[in-house]
Amino acid sequence: MNWDYLQPVKIRFGKGRILEIKELAESMGCKRGLLAADPFFFTNGVADQIIADSDGILVGSFGKISPNPDVEEVDACAEMIRHEKIDFVVALGGGSSMDCAKAASAVAVTGDSIREYHGTGKNIPEQHLPVIAVPTTAGTGSEVTCVAVLTDHKNQKKSPIVSDSFYPAYAIIDPELTYTMPPKVTAGTGIDVLSHALEGYWSKGHQPICDACALHAAGLVFEYLYRAYENPKDEEAREKMCEASLIAGLAFTLPKTTSSHACSFPLTNLYHIPHGEACGLTLDYFARINKDTEGGRVQDFAKKLGFKDVDEMADAIHELKAKMGLRNDLKDLKLTDEQIDALIQISHHPNLYNNPVEITDDILRDMYEGMR
């Protein structure tokens, strides 16, 4: 078995480490920073506080970022970067702000539109501005990945762009920034973490280092996610979920995600189901589909986590979603036969072909029919 491993992001984990932005920027020779953040942080005072604490090195801000960042928002952010002569970007928030910032930091240098690279197969140029990624949710792992998931609402398209240019220079994981995360967001982002871990493990591109990360991250989710959901002030659970999110990001970056993420894109695009919840919706189903692949390595994974087998693990995933009020079906959408057909067709996203078992239309139909 031949495999490679790369993780160029420098990680800073711990309470209060958000105060290190200026120090890290200066270590890279940067002098003018832009804070790209979810709009929420410009209303609750967090963005203003971070700018104030930066001691003048953050000279601009961009907050026009939607939950599924649009290519036009990326282009607008890139234009501000150029206009303000920015030389580094701080991305604050969930996956949306980080994905927007990563993409904008690249096209700000090239001067073209991110649309040229979105689903076109055209490679992002290597030159880009450095990004300091600061997650405020324990979910996406985007702070250590080379992926930006973007939406083109005008053309009804949502897909990831993968480029080594998207790796942040630094990731600051400060658990204190997640303390105010609402239970619903905690649940959705947390189940996304589990999806990253499981899919990274069973992906065709799996390899030993990422496998170890996947096992560690999944164990933390099963132990701490419901605690963080039930008691948002549980500092240990918050910190452990931050750890799980980060390490799950390491688990899937190189192997890439598979079936659950492939199916999540049309569910989010067409029915506006939040990304993490959309991934989790199919996770237990695909766990059962993949359980005996490659000599039963997914069975080994479940047993190492303390389950009897994959079926017991899948039951635990289903129960966890139910306890947190996440979807386990699509009954409320009252999907027609034509809508089921469309879901099957659009689920054939490239990530689907990373799945170790070939996912046929019959498998997808059985899954979607069972949910309506």
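Mentor: We begin with a definition: a residue is buried when its relative accessible area is under 20%, exposed when that area is over 50%, and partly exposed in between. Please keep in mind that the model is predicted.

Trainee: Is glutamate 294 buried, partly exposed or exposed?

Mentor: Glutamate 294 is found in helix α12. Its relative accessible area is 43%. Because this value lies between the two limits of 20% and 50%, glutamate 294 is partly exposed.

Trainee: What is the phi angle of glutamate 294?

Mentor: Most residues other than glycine have a negative phi. Glutamate 294 is not a glycine, yet its phi is positive, at about 50°.

Trainee: Where is histidine 272 found, and is it buried or exposed?

Mentor: Histidine 272 also is not a glycine and has a positive phi, of about 60°. It is found in the loop between α9 (259-271) and α10 (275-281). Its relative accessibility is 65%, so histidine 272 counts as exposed.

Trainee: How many disulfides does the structure hold?

Mentor: A disulfide is a covalent bond between the sulfur atoms of two cysteines. The sulfur of cysteine 100 has its closest cysteine sulfur in cysteine 77, at 4.8 Å, which is too far for a bond. For cysteine 263 the closest cysteine sulfur is in cysteine 279, at 9.5 Å, again too far for a bond. The number of disulfides in the structure is zero.

Trainee: Is cysteine 100 buried or exposed, and what of cysteine 263?

Mentor: Cysteine 100 has a relative accessible area of 0%, so it is buried. Cysteine 263 has a relative accessibility of 0%, and it too counts as buried.

Trainee: Which parts of the chain does the aromatic pair of phenylalanine 222 and phenylalanine 307 tie together?

Mentor: The count of aromatic pairs comes to five. In the pair of phenylalanine 222 and phenylalanine 307, the ring centres are 5.0 Å apart and the planes are at 70°, an edge-to-face arrangement. Since phenylalanine 222 and phenylalanine 307 are 85 residues apart in sequence, the pair ties together helix α7 (residues 208-230) and the loop between α12 (293-304) and α13 (310-323).

Trainee: Over which ring does arginine 297 lie?

Mentor: A charged group can sit over a ring, as the charged end of lysine 10 does over tyrosine 170, 5.5 Å from the ring centre. Arginine 297 is 4.0 Å from a ring centre and lies over the face of tyrosine 201.

Trainee: How far apart are the closest N and O atoms in the salt bridge of aspartate 234 and arginine 227?

Mentor: A search of the whole structure finds 22 salt bridges. In this one, aspartate 234 counts as buried at 14% relative accessibility, whereas arginine 227 is partly exposed at 31%. The closest N and O atoms of aspartate 234 and arginine 227 are 2.9 Å apart.

Trainee: Which residues make the nonpolar surface patch of about 400 Å²?

Mentor: One member is tryptophan 3, which is placed in the segment before β1 (10-13). Its relative accessible area is 37%, so tryptophan 3 is partly exposed. The patch is made by Met1, Trp3, Tyr5 and Ile209.

Technical notes
Residues are numbered from 1 along each chain as its sequence is written. This is a predicted model: local features need pLDDT of at least 70, side-chain atom pairs count only at pLDDT 80 or more; totals for chains, interfaces and linings use all residues. Side-chain values use heavy atoms; hydrogens and water are left out. Patches are made of residues with over 30% relative accessible area and no salt bridge: like charges are joined within 9 Å, nonpolar side chains (Val, Leu, Ile, Met, Phe, Trp, Tyr) within 5 Å. Accessible areas come from the Shrake-Rupley method with a 1.4 Å probe; for residues, only the protein chains shown count as cover. A salt bridge is a side-chain nitrogen of Lys or Arg within 4 Å of a carboxyl oxygen of Asp or Glu. Helices (H or I, at least four residues) and strands (E, at least two) are DSSP runs, numbered from the N terminus. Buried means under 20% relative accessible area, exposed over 50%, partly exposed in between (1.4 Å probe, protein chains only). A disulfide is a pair of cysteine sulfur atoms within 2.5 Å. Rings of Phe, Tyr and Trp (its six-membered ring) pair if their centres lie within 6.5 Å; planes under 30 degrees apart count as stacked, over 60 as edge-to-face and the rest as tilted. A charge sits over a ring if NZ of Lys or CZ of Arg is within 6 Å of the ring centre and within 35 degrees of the ring normal.
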